[in-house]
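Please look over the structure below before reading on.

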Amino acid sequence: MIPDRFYRLRRLSRILRLGTMASLLGLAVFFVAVALSQDLMTAMVTKNFGPDIVGLRITPVEHALLTLITGIALMPAGWALVSLVQLFTSFAQGDVLSPRAARCLLGLGQAMVIAALAGVLAGALASVALTWDMPDGERTLMLNISSNTIGAALFGGLMITVGWAMREAALQAEENRSFV
């Protein structure tokens with residue numbers, strides 16, 4: 001009997017796939033909850049912008065705009081989670097060094113970079129949406145770039161680089177197999 005060299009990787013990948021699928025479901029539930037609940041939207045905005053920008057109440061128009069902005073901002077996170085599910089599925093099937101796994105890593109990296117940029121843009125758009133009806137001089141445009149944003153973008157760049165390297169290695173391995 002030949003030992004399965006990838007047994008631990010396959011087992012861990014199955015566990016991580018389930019956890020990632022749960023996270024994807026949680027992301028969707030979070031979005032729906034925030035979209036449907038005025039209180040949750042107010043709490044989220046207050047946490048991100050502070051109580052001064054929110055005022056006493058978020059209007060229905062602001063709530064709709066914030067829901068749209070939040071949905072657009074969460075799309076790259078959903079894409080990243082779907083890429084992870086695909087990657088862990090590939091690994092769980094023992095398909096480790098392959099063009100498929102490389103595509104998943106590239107997708108993950110691209111989604112991470114776009115998510116970092118979308119987070120900055122969403123925060124700016126949300127600050128405008130919350131203050132657009134205020135008098136001149138009280139409207140706000142906030143840009144927030146944190147170490148988390150920079151870290152996510154750098155991690156995404158790393159995943160893109162690893163994905164490209166894996167794709168080249170997989171193509172080289174396939175070419176080598178054709179000579180044998």
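## Salt bridge

A search of the whole structure finds one salt bridge. The model is a predicted one. The bridge pairs the side chains of D95 and R100. The N to O distance is 3.9 Å. That pair counts because a salt bridge here needs a side-chain nitrogen of Lys or Arg within 4 Å of a carboxyl oxygen of Asp or Glu.

Are the two partners buried or exposed, or in between? D95 is partly exposed, at 23% relative accessible area. R100 is partly exposed too, with a value of 29%. Neither residue counts as buried, because that class requires under 20% relative accessible area.

## The largest pocket

The largest pocket has a volume of about 820 Å³. Its lining is made up of 26 residues. Nearest the centre of the pocket lie N48, A73, G119, A122 and G123.

Which helices build the lining of the largest pocket? At least two residues each come from α1 (7–36), α2 (38–49), α4 (60–92), α5 (99–131) and α6 (147–179). Helix α5 gives the most, with seven residues. By class, the lining holds 18 nonpolar and eight polar residues. No charged residue takes part in the lining.

## A nonpolar surface patch

Five residues make a nonpolar surface patch: V61, L65, V128, W132 and L141. The patch covers about 460 Å².

V61 is partly exposed, with 48% relative accessible area. L65 is also partly exposed, at 35%.

L65 and L125 are 60 residues apart along the chain. Their C-alpha atoms are separated by 9.1 Å.

A102 lies in helix α5. Is A102 buried or exposed? A102 is buried, because its relative accessibility is 0% and the buried class covers values under 20%. A102 and L87 are 15 residues apart in sequence. In space, the C-alpha to C-alpha distance between A102 and L87 is 8.5 Å.

G94 belongs to the loop between α4 and α5. At 31% relative accessibility, G94 counts as partly exposed. How far is G94 from R5 in space? The two are 9.5 Å apart, C-alpha to C-alpha. In sequence, 89 residues separate G94 and R5.

L16 is found in helix α1. L16 is partly exposed, with a relative accessibility of 35%. L16 and F179 are 163 residues apart in sequence. Their C-alpha atoms lie 36 Å apart in space.

## Summary

The predicted model has one salt bridge, formed by D95 and R100. V61 and L65 are among the residues of the nonpolar patch.

Key
Residues numbered from 1 in each chain as written. Predicted model: local features only at pLDDT ≥ 70, side-chain atom pairs only at ≥ 80, totals over all residues. Heavy atoms only, no water. 1 Å grid on protein atoms, 1.4 Å probe; cavity = no way out; pocket = protein on both sides within 12 Å on 5 of 7 lines; lining within 4 Å. Points joined across faces, edges and corners; volume = space filled by probe spheres on them. Helix = DSSP H or I, 4+ residues; strand = E, 2+ residues; numbered from the N terminus. Nonpolar A, V, L, I, M, F, W, Y, C, P; charged D, E, K, R; others polar. Patch = residues over 30% accessible without salt bridge, like charges linked within 9 Å, V, L, I, M, F, W, Y side chains within 5 Å. Areas by Shrake-Rupley, 256 points an atom, 1.4 Å probe, with all protein chains shown as cover. Buried < 20%, exposed > 50% of the residue type's maximum accessible area, 1.4 Å probe, protein only.
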